[in-house]
Amino acid sequence: MTSPSGHVRLINRPLARRRFLALAGCGLVGSMMVRLDREARGIEPTSTRRFILYNHCNGLQNHHLEQSTVDGPSTFTLRSFMEAFVPHQSALTVVQNLYCSTGRYLHGNGSCALACADRGPPDGAAGISPKVVGGVTIDQLIATALQEQDPDVKLRTLVLGHPLTISNGNCVQGTIIGTGDNEPLYPILDAEEAHQTIFGVTNQDEVLRDLQKSYLDFVKDDIQAFEAELPGQERQKMQQYLDSVREVEKSFTNLANCDEIPAQSFEHQTHNFPEYWRYMQDLAVIALSCGATRQATMLHTYGCVHFNYTFDGETKNHHERVSHEEENGPFMEKILRFHADQVVYLYERLAEIPEGDGTMADGLLIQWMSDGGGRHHNGADRHPVVFLGAAGGAMNTGQWLRFSNDEYSLACAHVTAARAMGLELDTFGDGQDPCNGPLPGALA
């Protein structure tokens with residue numbers, strides 16, 4: 001009757017073809033119809049699972065999280081850049097001190113923060129070219145599984161990055177998403193291309209005309225077929241419900257439609273560009289909320305720190321100036337606060353959109369991490385990971401997990417995310433950093 005994404009299929013008949021933009025303003029209606037269908041069949045409401053991987057190069061590191069006061073395993077006080085999470089502390093799971101054995105590498109995939117898979121030879125090994133990516137990354141493993149759960153989604157995954165015009169070796173061998181051994185999946189760096197990928201249309205006038213229609217107009221034939229199968233009393237209830245849907249539609253005609261987020265063009269930059277990044281995040285939210293995809297990856301800086309951040313009129317190079325000279329200073333805190341704000345923004349946007357008996361954030365899990373470890377160029381045994389979201393109750397949230405050194409590998413954090421998304425997974429990677437299950441205490 002319904003697909004997990006919330007697209008309605010009445011009596012198993014596929015919906016008529018319609019453009020994704022026309023559905024973008026109708027996420028609430030779709031969820032309401034799903035709820036009606038489930039109630040009619042006596043099915044308990046469930047949360048649609050969605051996964052976001054948020055990664056930025058060489059930023060979130062173990063010693064930065066020590067700036068938050070930890071009182072105990074389930075009681076902690078947030079301060080510094082983590083203050084952004086205070087309104088959602090009950091949905092937060094912070095993990096510290098995860099090891100990853102390839103600390104001999106410098107940046108990106110070499111530090112194995114994303115893959116924890118077959119990394120290939122060390123940087124600069126004689127006669128051997130390092131792999132761009134050593135294996136499938138956890139976001140892509142989850143994306144494939146979520147698409148198998150919901151074949152109707154248009155995009156298996158959506159990978160968006162920050163545009164850069166910097167030619168540096170570390171950028172090429174930086175944080176790259178992988179779909180297999182030396183099979184990189186490069187992020188979309190152009191805003192117009194991202195818009196086209198998600199919405200899949202070029203004729204805006206035609207789309208705008210469709211947006212003036214009711215969602216019910218697009219499923220009219222399916223509704224009529226469904227009503228024909230109902231007894232008279234139930235048919236009357238159905239008609240009352242459809243009338244109420246049309247009334248609700250009038251109240252959110254501006255919700256997530258193309259009037260709010262038209263295609264935009266941005267020049268590639270050599271510095272942080274908050275306006276661009278917010279636009280890309282809005283695109284990701286729409287794609288997730290309207291059923292275009294169930295998994296999005298946000299790669300800020302595309303795995304390269306050789307560019308500038310500007311805050312309060314002050315500009316500093318993230319690599320040479322901040323990471324090398326002021327790694328624990330106030331400017332780094334501004335960088336981290338910026339990214340914390342972005343992670344919270346993604347969560348709050350989805351929390352504003354109703355789904356079932358709750359919101360789209362109920363089934364959401366965001367994994368925020370960096371390809372740094374304990375410190376810049378060092379500390380691969382000190383990787384932190386911040387999870388935000390309960391993943392439909394799968395995560396044991398509202399806690400701060402600090403493990404002993406060399407106790408659990410970073411691969412276990414990836415396994416934890418996969419299990420929270422419904423995958424039966426116990427190990428991940430190439431065995432250099434063994435993991436025999438999720439992080440203890442992380443899952444409900």
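Predicted model: local features only at pLDDT ≥ 70, side-chain atom pairs only at ≥ 80, totals over all residues.

The protein chain has 14 helices and 15 strands. Of its 444 residues, 57% are buried. If you take the contacts between residues at least 6 apart in sequence, 75% of them join residues at least 24 apart.

**Helix α4**

- Helix α4 covers residues 138–149, and at 1.5 Å a residue its twelve residues should span 16 Å. The C-alpha atoms at its ends are 17 Å apart, so the model agrees with that expectation.
- Which residues of α4 are buried? They are Ile138, Asp139, Gln140, Ile142, Ala143, Ala145 and Leu146.
- Gln140, which lies in α4, has a relative accessibility of 1%, so it counts as buried.
- Leaving aside residues up to four places away in sequence, Gln140 touches Arg156, Thr157, Val159, Ile177, Gly178, Thr179, Leu185, Gln295 and Thr297.

**Helix α6**

- Helix α6 runs over residues 191–199, and its buried residues are Ala191, Ala194, His195, Ile198 and Phe199. Look down the axis of α6 and those buried residues fall within an arc of 110°, so they line one face of the helix.
- At the start of α6, Asp190 has a side-chain oxygen within 3.2 Å of the backbone nitrogen of Glu192.
- After α6 comes Gly200, with a positive phi near 65°.

**Helix α14**

- Helix α14 takes up residues 410–420 and is mostly covered, with ten of its eleven residues buried.
- Those buried residues are Leu410, Ala411, Cys412, Ala413, His414, Val415, Thr416, Ala417, Ala418 and Ala420.
- What covers the buried residues of α14? The cover includes α4 along with the strands β1 (50–56), β4 (92–98), β13 (364–370) and β14 (383–388).
- Just after α14 sits Gly422, which has a positive phi of about 95°.

**Aromatic rings**

- How many aromatic pairs does the structure hold? There are twelve. To describe a pair of aromatic rings, you give the distance of the centres and the angle of the planes.
- Phe266 and Phe273 make an edge-to-face pair, at 5.4 Å centre to centre and with 85° between the planes. Phe266 has a relative accessibility of 15%, and because the cut-off for buried is under 20%, this residue counts as buried. Phe273 is buried too, with a relative accessible area of 15%.
- Phe311 and Phe338 form a tilted pair, with 6.3 Å between centres and 50° between the planes. Phe311 is in strand β9 (residues 308–311) and Phe338 is in helix α13 (residues 330–351), so this pair ties together parts that are 27 residues apart in sequence. Both Phe311 and Phe338 are buried.
- One aromatic cluster is made up of Phe266, Phe273, Tyr276 and Tyr279.
- There is a charge over a ring as well: the charged end of Arg278 sits over the ring of Tyr345, 3.6 Å from the ring's centre.

Key:
Residues numbered from 1 in each chain as written. Heavy atoms only, no water. Helix = DSSP H or I, 4+ residues; strand = E, 2+ residues; numbered from the N terminus. Expected span 1.5 Å × (residues − 1). Buried < 20%, exposed > 50% of the residue type's maximum accessible area, 1.4 Å probe, protein only. Arc of directions from axis to C-beta. Polar contact = N/O pair within 3.5 Å; in protein donor to acceptor, adjacent residues only side chain to side chain. Phe/Tyr/Trp six-rings, centres within 6.5 Å; stacked < 30°, edge-to-face > 60°. Lys NZ or Arg CZ within 6 Å of the ring centre and 35° of its normal. Contact = heavy atoms within 4.5 Å.
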